[in-house]
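Biologist: Please show the structure, and let us then discuss it by question and answer.

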Amino acid sequence: MKKKIKLAMIGMTAVLFGLTACGNKQEETSKGGKTTIRFASWDTADDVDAQQKLVDKFNEEHPDIQVVLEAYGSDFDTKISASMGSGDAPDVMYMWNYPAYHEGLEPLDSYIEKEGEDYKKNFYSTLWNYNSYDGQIYGLPVGFTTHCVYYNKDLFDKAGVEAPKEGWTWKDLQETAKTIYEKTGVKGFSFSMKPDPYDYEMYLWSNGTAYCDKDGKMEGYVDSDKALETYKMFQDMEKDGYAVATEKSGGDEFQAGQTGMFVYGAWAVKKYTEEGVNFGLAKLPSFGTEKSASILSSSGVAIAKSSKNKEAAWEFVKFWTSEESNKSRIGTEFPVLMSVVESEKILEKPEYAPFYEMLDQSGEYTPASFIMNKWSEVSEKLELAFEEMYNPSSLMDVKEAISSVLN
């Protein structure tokens, strides 16, 4: 899974697709009777080594197909964009930004349908929202994370406060954060002064609103009373002194014992475990009337529309998302198949279960980035507005700050 996914439109439509008139350079490759499939990954180092072992296993089991792994690392988006533009895209590729790349991808609905109804149902249904665009599926889910609250058990004990319980609210979190600050002198909660707008929308969902409606209209949504209430809640925590707005996510401060709680995806679980941080995880709190919801960071595998070897590519995609492959990635990816989660007793693991609980209650939401054609522009405006709200040197009135997004 890409460590921090921003589903922003990258504005490269002309680069991606404007060159296709020059002709499709990709030709069906076959060596010694084998069909060659190029597979592009965004991972590096040990992750690529593990992926190569899986690729080797597939090749051994499929004597008529040869998969070649291409590790693009940090150049992934640049190389995918260029290859799509030149008509020479890899047959199979990791994918996350379907709004930007969907025109260069093969719709997979008919492939999935041929596998039977139970095949699709084995994937957590919420994940299809994040591997589809405009009513069509373009990728099979590989990994995901929702967001949860990390809390420092040592600070909770020192302050004499209880661990978060089922059904807790933002009011509960605020009271807990205040007590931690009053009893220990440590800030009770931290959040980013420049939050990723993609991530931040989950707070609006939890309070019964969103950035926009299903048609992309923002007025009356991003500036609604519920939205303003949400923005102001974070600002008030900062103003009252028991929460701190940080340059990043708050994770560094959390690891150093300088904050009692922060919200993040599953990326930090392994690191904190290895570093010996005494932490717990809880679902996101609600606003009292609505259940809490989380945004997802999701990775999938997709097939290039320009591929001349789509059936062979589909065989590899099925392998890459199979039970066997899901199990092999436990520890680096959350399994996306319900059968694997059940057989491996994933929900009995406290470091995994809250993320799946958030997955189950977040299925009805579609991020604005999948709805709005000009999301990249809106995202930039939102990011600036959030910084004006939460930067301690400005702390601008939330209504005034958000008004710039609509202008």
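Biologist: How does Leu-395 count by relative accessibility: buried, partly exposed or exposed?

Modeller: The model is predicted: local features need pLDDT of at least 70, side-chain atom pairs count only at pLDDT 80 or more, and totals for chains, interfaces and linings use all residues. Residues are numbered from 1 along each chain as its sequence is written, and side-chain values use heavy atoms, without hydrogens and water. Buried means under 20% relative accessible area, exposed over 50%, and partly exposed in between (1.4 Å probe, protein chains only). At 23%, Leu-395 is partly exposed.

Biologist: What is the phi of Leu-395, which is not a glycine?

Modeller: Leu-395 lies in the loop between helix 18 and helix 19 (398–406); helices are DSSP runs (H or I, at least four residues), numbered from the N terminus. Its phi is positive, at about 45°.

Biologist: Which residues of helix 18 meet helix 11?

Modeller: Helix 11 (residues 225–239) and helix 18 (residues 375–390) pack at about 35°, their axes 9 Å apart; axes are lines fitted to C-alpha atoms over the stretch in contact, and angles run from 0 to 180 degrees between N-to-C directions. Helix 11 contributes Thr-230, Tyr-231, Phe-234, Gln-235 and Glu-238, and their partners in helix 18 are Phe-386, Met-389 and Tyr-390.

Biologist: Where is Ala-45 placed?

Modeller: Ala-45 has a positive phi of about 50° although it is not a glycine. With a relative accessible area of 53%, Ala-45 is exposed. Its place is in helix 2 (residues 45–61).

Note on methods: Helices (H or I, at least four residues) and strands (E, at least two) are DSSP runs, numbered from the N terminus. Contact means heavy atoms within 4.5 Å.
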